[in-house]
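Reader: I'd like to go through a few labels that get attached to a structure like this one. Could you show me the values behind them?

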Amino acid sequence: MPDTRILYVADDEMKEAVSVACELLRAGEIVALPTETVYGLAADALNAEAVAKIFAAKERPSFDPLIVHIASRGDLKNVAVVPEEIAETVNKLIAAFWPGPLTLILPKHPDIPDLVTSGLATVAVRQSAHPVFRAVVKELNRPIAAPSANRFGRISPTSASAVVKELDGRIPLIVDAGACSEGLESTIISIEPREGKKPIFRLHRAGPITKEQLQEYGRVEKVRAVSQDAPQAPGQLASHYAPVTPLILLENPSDFRPEEGKRYGLLSYTGEDDGPYVGLHDWEQIESLSPGSGKLAEAAIRLFYLMRLLDEAGLDAIIAEPVSETGLGVAIMDRLRRAASKS
Ligand code: TXA
Ligand code: MG
């Protein structure tokens, strides 16, 4: 693999980056592209050989299916077969949340290679809202398969420099459009119709579109316990989005038992000096998820960036402060728990 090229996108140069990316995608190559959630590693979804390169570059096991991204609502019929019983609900969800960070699991169209869906009968689909991603998928005129552009099990990249750290030398191109505006991967749901009632939405992964937002259209429930025939979906695996440094989610400050001579960093929520976490210990380093007034939205954008920063700080452990588990806080706590489950 030649060196990884990085193409920086300023608004006026978007055209060039988009056409270079499309040229590579048409040639069956993989490229890292910005989305509003996290950077994705893109391939032509209809080209199984190209899709195989995604799994190789990420060292991702083939049992973990990819999300297919489409250019417009009208393209949904080319990648999925929407059952009559949920057609109205799908239309409402699309009208409310697309383009944007909501992924729908639907019965798959036969044109989608089995490798994309790991042999499942369903396909995960979304329409990204990022102007660069939208321009690429539109110009390519084919659906794009794209997981987050990190090595398997690691922290998702929310900037081009984070992609470099994950995949440098493994892919030919990274399109750099700055930081992602959401910072957490899309919300993933499947839909179960109910006779005469609002449908049930099974939440496969919490994300930027919150339970509160979805509740207008259906009843949100957790995915049932993983059964034998259910997908082995690493989005559902306990250890994921993990730094190399052990991360401990400290739900109760009084449980902290520092070991002599060890270096601890704090991933604080607001970083306020008078909070129960900042004053708990003489921390090597403190990073705040929401130093401004952005609260949970700001925390979501900064979460993976700060996890990465603390991971690179040579600490013995990262201590993470919980955030309130409402709205976006559900997705943030989900990522913190998974990052912590390795430790
Ligand atoms: O925001 C996002 O969703 C980003 C950007 C790039 O679009 N993509 C992303 O992809 O997070 P990835 O591959 O890192 O996570 C996709 C998750 C995986 O946990 C996978 O198991 C699950 O979606 N998934 C994909 N297809 C599925 C299916 N048919 N049924 C159940 N889960 C599925
Ligand atoms: Mg991922």
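Reader: Why is Lys108 called buried?
Author: Lys108 has a relative accessibility of 16%, and buried means under 20% relative accessible area, exposed over 50%, partly exposed in between (1.4 Å probe, protein chains only). So 16% puts Lys108 in the buried class. Keep in mind that this is a predicted model, where local features need pLDDT of at least 70, side-chain atom pairs count only at pLDDT 80 or more, and totals for chains, interfaces and linings use all residues. Residues are numbered from 1 along each chain as its sequence is written, chains are lettered from A and ligands numbered from 1 in the order in which they are written, and side-chain values use heavy atoms, with hydrogens and water left out.

Reader: What makes Lys108 and Asp114 a salt bridge?
Author: The term asks for a side-chain nitrogen of Lys or Arg within 4 Å of a carboxyl oxygen of Asp or Glu. Here the N to O distance is 3.8 Å, so the pair qualifies. The whole structure holds 23 salt bridges.

Reader: How do you know that Asp44 and Arg142 tie together separate parts of the chain?
Author: Their side chains form a salt bridge at 2.9 Å, N to O. Asp44 sits in strand β3 (residues 40-44) and Arg142 in the loop between α6 (131-140) and β7 (144-145), so the bridge joins parts 98 residues apart in sequence. Those element names come from DSSP runs: helices (H or I, at least four residues) and strands (E, at least two), numbered from the N terminus.

Reader: What about Arg154 and Asp311, what makes them a pair?
Author: Another salt bridge, with 3.8 Å from N to O. Arg154 is in the loop between β7 and α7 (160-167) and Asp311 in helix α9 (residues 295-311), 157 residues apart. Arg154 has 19% relative accessible area, so it counts as buried, and Asp311, at 15%, is buried too. Arg151, Arg154, Glu166, Arg308 and Asp311 are linked in a salt-bridge network.

Reader: Why is α9 called roughly parallel to α10?
Author: The axes of α9 and helix α10 (residues 329-340) cross at roughly 20° and come within 9 Å. Axes are lines fitted to C-alpha atoms, for helices over the stretch in contact, and angles run from 0 to 180 degrees between N-to-C directions. Angles under 35 degrees count as roughly parallel, over 145 as roughly antiparallel, 65 to 115 as roughly perpendicular and the rest as oblique, so α9 is roughly parallel to α10.

Reader: Which residues of α9 and α10 meet?
Author: Contact means heavy atoms within 4.5 Å. On the α9 side the residues are Leu296, Ala299, Ala300, Leu303, Phe304 and Met307, and they meet Gly329, Ile332, Arg335, Leu336 and Ala339 in α10.

Reader: Back to α9 itself: is Lys295 buried or partly exposed?
Author: Lys295 belongs to helix α9, and its relative accessible area is 45%, so Lys295 is partly exposed. Beyond neighbours within four places in sequence, Lys295 is in contact with Tyr269 and Ser290.

Reader: Where is there a cis peptide bond?
Author: From Trp98 to Pro99, with omega near -10°. Pro99 is in the loop between α4 (84-97) and β5 (102-107).
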